[in-house]
Amino acid sequence: MTLDPFRPAMDCAEIGRSAEALLDGEFDDRERAEAEAHLSACDRCRGAVEKLARTRTAVREKLRAAMGPSSPHGRAPAALRARIAEALDRDRLPWWRRALAPLPLAAAAACAAGAMLVLWTHGKADSLAEETAAWHSRDLPLDVTTASLGPDSVARWFRGKVDFNTRPPEFRRAGVKLLGGRVSSIRDRPCAYMRYELPPSADGAQKPHGPLGLFILDDPQHRFGEAGREVRVGPETVRLLNARGYNVAVWRKNEIVYSLVSDMDEPSLERLVEAALSAQR
Amino acid sequence: MIDLRRQSDRTRAEFESLVQQHLDTLYAAALRLTRDGKDAEDLVQDAVLRAYRFFDKFERGTNFRAWIFKILTNTFINRYRRVVKERSLVDGPETEAVTEQFVSREAAEQAADPERHFLDQLVSDDVVKAIDALPIDFRMVVILADLQEFSYKEIADILAIPVGTVMSRLFRGRRLLEKALLAYAAESGHVTTRADGSIDLEAARRRRAT
C-alpha cells in the first residue's frame with residue numbers, strides 16, 4: 001500500500017490517542033498502514049504499543065479463564081436451559097391454554113426439556129472437534145495478522161503465550177494462505193489458533209469456502225478421546241469428524257494435538273491434510 | 001385467529017438453536033451485570049422470551065448475537081438496574097492520553113512480558129471481583145469488548161450510545177480494571193505499587209531474583 005505523500009503522517013500523539021483502537025482492530029486498511037509506517041520508524045511508540053498489546057492480551061486471557069465458556073461463571077446452568085425450554089413451550093400455546101396454565105402440561109414440557117438437555121449435553125460430547133468447531137465458528141478477530149507480522153512470524157508470536165512450540169503444518173504448497181493467529185482456550189488450556197484462507201475453488205466448488213481454523217494444543221494427559229473415521233497419512237493417524245456443520249481433522253504428534261476445522265467436504269479436507277503433512281516431512 | 005406470539009415449529013426450532021449457541025455467553029454477561037446467580041438466570045430468561053416474541057422482527061442473516069445482547073442489556077437497564085440502583089456515571093472527557101502512560105514506562109519492562117507474568121499470579125476469583133467492582137457503565141463496555149469481543153460499532157448499537165462514548169468508557173474501564181487486577185496481584189505479593197499508584201516492576205523483579 002502506498003501512502004499519500006501530501007497527507008501528514010500519523011504522529012506520536014495520534015498513535016497515543018488511538019493505540020487501543022488500533023489493537024482492537026478498529027482501523028481501516030489505510031489507517032493501519034499509516035500507523036504501521038509510524039511504528040516501524042518510531043521505537044518509542046512501537047515499544048509502547050507492544051506493551052499495551054501484551055497487557056491487553058494478558059487481561060483478555062484472564063477474563064476468558066475466569067468467565068469464559070470453560071469456566072463455571074461462563075456456563076449457563078442446566079436448570080436455566082430447562083426453564084427456558086419450558087417457557088418457550090408455554091409461550092407457543094394459544095392464549096387460552098396459556099391462561100389456563102395447565103400444570104400437567106408444564107410438567108410434560110419440563111420432561112421434554114430434560115430429554116432435550118440430555119441430547120444437548122450429549123451431542124456436545126467431550127470432543128475436541130466440537131469445541132474447536134464452535135470456537136472457529138465465532139469468527140473472532142485475530143490477535144496478530146500475517147499482514148502486520150509477515151507469515152513466518154505468526155508461529156513465533158505464540159512463543160511465551162502457549163507452553164509449547166507451535167509448528168503448523170506446511171499448507172503453503174497447497175496454496176493455502178495464513179491470515180493470522182490468536183490465543184484461544186480449550187478446556188482451560190491455552191491453545192494456538194491460526195486462521196487460513198483457501199485458494200479460490202480448491203475443490204472446484206461454486207461457493208467460496210470460509211476460512212480454515214487450525215488449533216494446536218498440548219495434551220500430555222490424553223484428555224481428548226479417539227473418535228471419528230481413521231485415515232493413515234504416513235506415520236500419522238488422522239481422524240475425520242463432523243461437528244457443527246464443519247468437517248474436522250484431528251491428529252496428534254506426541255503430546256501436541258492438532259485440530260483443523262473447515263467447511264470443505266471431507267475428501268477435500270483429507271487431501272489437504274495429506275498434502276500438508278507430507279510436505280512437512 | 002392470529003396470535004403474534006405463536007411461532008411456527010420451524011421458527012421455534014431455528015430460534016432455539018440460535019439461543020442454544022449463545023446461552024453460555026448470555027449467562028456469563030448477565031452474571032457480571034447482576035453479580036448474582038439467581039438474578040442472572042431471571043435476566044437471561046426474560047431476555048430470551050422477549051427475543052422470542054420479537055423474533056419476527058429479527059432480520060435473518062444479520063448478527064443474531066448482537067441482536068440478542070441488545071435485548072439482554074435493555075432488559076437489564078430497564079428492570080434490574082432500577083432494583084440494583086447503581087450510581088450511573090456521567091462520561092467525563094478522556095482525561096489521560098495513552099502517551100502520558102508511555103513516558104513513565106521503563107525500557108527494561110519491554111524486554112520480556114512482565115504483564116502476563118504478574119497477571120498470571122491472579123486467581124479467577126480476583127478477576128471476577130475486579131470486574132464486578134467496576135462501575136456499571138464501564139463494566140458493560142469492558143464485558144462486551146473484552147469478554148464478548150464485540151466491535152465498537154456493535155457495542156454502540158447494543159447500548160444505544162455513540163462510538164466515541166464506547167471508546168472513552170472502554171479506555172477508562174480498562175485502566176480501572178488493570179489497576180484493580182494489579183492491586184490484587186500486589187496483595188498476593190508479586191507486584192508492589194509506588195506511592196503514585198504506578199507499578200514498581202523493578203522492585204518486584206529484584207524480589208523475584210533473590
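At what angle do the axes of helix α2 (residues 29-41) of chain A and α3(A) cross? The first legend below takes this up, and every view comes from a predicted model.

**View 1. Helices α2 and α3 of chain A cross at roughly 110°.** The two axes come within 5 Å of each other. That angle makes α2(A) roughly perpendicular to α3(A), because angles of 65 to 115 degrees count as such. On the α2(A) side, look for A:H38, A:L39, A:S40 and A:A41, which meet A:D43, A:C45, A:R46 and A:V49 in α3(A). Sorted by class, the residues of this contact are 4 nonpolar, 2 polar and 2 charged.

**View 2. Chain A and chain B meet through 56 residues of chain A and 60 residues of chain B.** Together the two chains bury about 5,500 Å², with 57% of that area on carbon and sulfur atoms. Between chain A and chain B there are 17 residue pairs in polar contact, counting pairs with both residues at pLDDT 80 or more. On the side of chain A that touches chain B, the elements giving two or more residues are α1 (12-23), α3 (43-67), α4 (78-92), α5 (95-100) and α6 (103-124). The helix that gives the most to this side is α3(A), with 20 residues. By class, this side of chain A holds 25 nonpolar, 8 polar and 23 charged residues.

**View 3. Salt bridges link chain A to chain B, 11 of them by count.** Side chains of opposite charge can pair when their charged atoms come close. One example to find is the salt bridge between the side chains of A:R60 and B:E149, at 3.5 Å from N to O. Over all chains, the count comes to 31 salt bridges.

**View 4. A:D24 forms a salt bridge with B:R174.** Here the closest N and O atoms are 2.9 Å apart. This pair crosses between chains: A:D24 lies in the loop between α1 and α2 of chain A, while B:R174 belongs to helix α9 (residues 163-187) of chain B.

**View 5. Helix α8 (residues 152-159) of chain B crosses α9(B) at roughly 105°.** Two packed helices are described by the angle between their axes and the distance between the axes. For this pair, the axes come within 8 Å. From α8(B), the residues B:Y152, B:K153, B:I155 and B:A156 meet B:V163, B:V166, B:M167 and B:L170 in α9(B). This contact has 7 nonpolar residues, no polar ones and 1 charged residue.

Notes: Residues numbered from 1 in each chain as written. Chains lettered and ligands numbered in written order. Predicted model: local features only at pLDDT ≥ 70, side-chain atom pairs only at ≥ 80, totals over all residues. Heavy atoms only, no water. Contact = heavy atoms within 4.5 Å. Buried area = accessible area lost by both parts, 1.4 Å probe. Salt bridge = Lys/Arg side-chain N within 4 Å of Asp/Glu carboxyl O. Polar contact = N/O pair within 3.5 Å; in protein donor to acceptor, adjacent residues only side chain to side chain. Helix = DSSP H or I, 4+ residues; strand = E, 2+ residues; numbered from the N terminus. Nonpolar A, V, L, I, M, F, W, Y, C, P; charged D, E, K, R; others polar. Axes fitted to C-alpha atoms, helices over the stretch in contact; angles between N-to-C directions. Parallel < 35°, antiparallel > 145°, perpendicular 65-115°, else oblique.
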